[in-house]
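Subject: A structure for you to look at

Hello,

Here is the structure I promised to pass on. Please open it beside this email and read along.

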Number of protein chains: 2
Amino acid sequence: MASSGSTATGPGSPCGACKFLRRKCAIDCIFAPYFSSEQGPARFAAIHKVFGASNVSKLLLHIPAHDRCEAVVTIAYEAQARIRDPVYGCVAHIFALQQQVECLQAQLMQVKAQLAQNGMNSNHINGTQY
Amino acid sequence: MASSGSTATGPGSPCGACKFLRRKCAIDCIFAPYFSSEQGPARFAAIHKVFGASNVSKLLLHIPAHDRCEAVVTIAYEAQARIRDPVYGCVAHIFALQQQVECLQAQLMQVKAQLAQNGMNSNHINGTQY
């Protein structure tokens with residue numbers, strides 16, 4: 001998941017969010033640092049559809065400025081995942097990772113048991129031979 | 001993540017979502033099967049705050065009826081996670097699981113290497129002893 005980074009918008013041109021919302025972009029627009037005028041509208045479209053511009057604006061206003069970029073990245077990720085998979089959204093990723101963890105834990109237990117068994121066999125062989 | 005299950009609302013009493021939104025609950029209310037009159041309002045509050053009632057209603061209407069219960073469960077989970085952690089939301093869980101997967105993969109590789117090494121040592125001992 002790549003960081004969005006701050007993206008400057010040209011003087012007078014609205015940020016990607018305001019361009020999408022077809023509204024005037026205020027000088028202190030909460031979205032401007034995270035949605036460029038070029039790629040921002042497409043990025044914002046998913047966020048707007050899933051969360052709504054007003055909810056995301058309120059959320060960002062309650063987060064310290066230095067954390068907002070990360071928040072936008074995770075919100076955009078959740079929104080895109082919900083559009084791809086309307087039933088599970090990014091929770092599908094959580095389920096897949098939980099299954100992978102269970103599978104790896106089972107494999108690890110099996111290999112550890114084999115290692116312990118080999119150790120016992122080796123001790124037994126060495127015990128009878130020396 | 002527990003399934004919400006359908007919860008009947010008494011005749012005339014609004015579902016939990018409509019109770020929270022202080023509106024009349026229609027007979028075909030999209031939220032009624034998933035938000036009981038008693039526990040539903042608290043459950044719906046988080047969803048409303050993060051996604052907005054209108055966005056969730058639209059989302060559910062585009063999902064087959066038999067998938068809506070699962071969708072509500074995952075939406076409620078995402079909403080609660082975003083309220084607990086406004087910056088990362090449930091993506092924090094994804095990051096934690098990804099780290100756990102990496103850690104387990106490293107452990108597994110280490111134990112497998114040890115197993116292979118023990119096998120080579122054992123062959124070497126047996127080779128010199130027989």
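In which loop of chain A does Arg22(A) lie? Arg22(A) sits in the loop between H1 and H2 of chain A. Helices here are DSSP runs of H or I with at least four residues, strands are E runs of at least two, and both are numbered from the N terminus.

Before going further, a word on the ground rules. This is a predicted model, in which local features need pLDDT of at least 70 and side-chain atom pairs count only at pLDDT 80 or more, while totals for chains, interfaces and linings use all residues. Residues are numbered from 1 along each chain as its sequence is written, chains are lettered from A and ligands numbered from 1 in the order in which they are written, and side-chain values use heavy atoms, with hydrogens and water left out.

**The loop residue**

Back to Arg22(A): its phi is positive, about 50°, although the residue is not a glycine. Arg22(A) is exposed, at 78% relative accessible area. For this word and its relatives, buried means under 20% relative accessible area, exposed means over 50%, and partly exposed is in between, using a 1.4 Å probe and protein chains only. Now look at chain B, where Arg22(B) is in the loop between H1 and H2. Arg22(B) also has a positive phi, near 50°, and is not a glycine. With 78% relative accessibility, Arg22(B) counts as exposed.

**Chain A as a whole**

Chain A has five helices and zero strands, so from the N terminus its elements read α-α-α-α-α. Of its 130 residues, 39% count as buried. Taking the contacts (heavy atoms within 4.5 Å) in chain A with a separation of 6 or more, 54% are between residues 24 or more positions apart.

**The cores**

A nonpolar core is a set of buried Ala, Val, Leu, Ile, Met, Phe, Trp, Tyr and Cys residues joined through side-chain atoms within 4.5 Å. The largest one has 51 residues, and those with the most contacts inside it include Phe31(A), Phe35(A), Phe31(B) and Phe35(B). Helices H1, H2, H3 and H4 of chain A and H1, H2, H3 and H4 of chain B each supply at least two residues of this core. Another core lies apart from it and has 22 residues, among them Cys90(A), Leu108(A), Leu115(A) and Val91(B).

**Where the chains meet**

How many residues does each chain bring to the contact? Chain B brings 43 residues and chain A brings 43 residues. The area buried between them is about 3800 Å², and carbon and sulfur atoms give 68% of it. Buried area is the accessible area (1.4 Å probe) that two parts lose on being put together, summed over both.

There are 10 residue pairs in polar contact between chain B and chain A, both residues being at pLDDT 80 or more. A polar contact is a pair of N or O atoms within 3.5 Å; within protein, one must be able to donate a hydrogen and the other to accept it, and residues adjacent in sequence count only if both atoms are side-chain atoms. On the side of chain B that touches chain A, H2, H3, H4 and helix H5 (91–129) of chain B each supply at least two residues. H5(B) gives the largest share of that side, 20 residues.

**Two salt bridges**

A salt bridge is a side-chain nitrogen of Lys or Arg within 4 Å of a carboxyl oxygen of Asp or Glu. Between chain B and chain A the count is two. In one of them, Arg82(B) meets Glu78(A), at 2.5 Å from N to O. This pair crosses between chains, from helix H4 of chain B to helix H4 of chain A. Arg82(B) is buried at 1% relative accessibility, and Glu78(A) is buried at 1% as well.

In another, Glu78(B) pairs with Arg82(A), with the closest N and O atoms 2.5 Å apart. Glu78(B) is buried, with a relative accessible area of 1%, and Arg82(A) is buried, with 2%.

Enjoy exploring, and write back with any questions.

Best wishes
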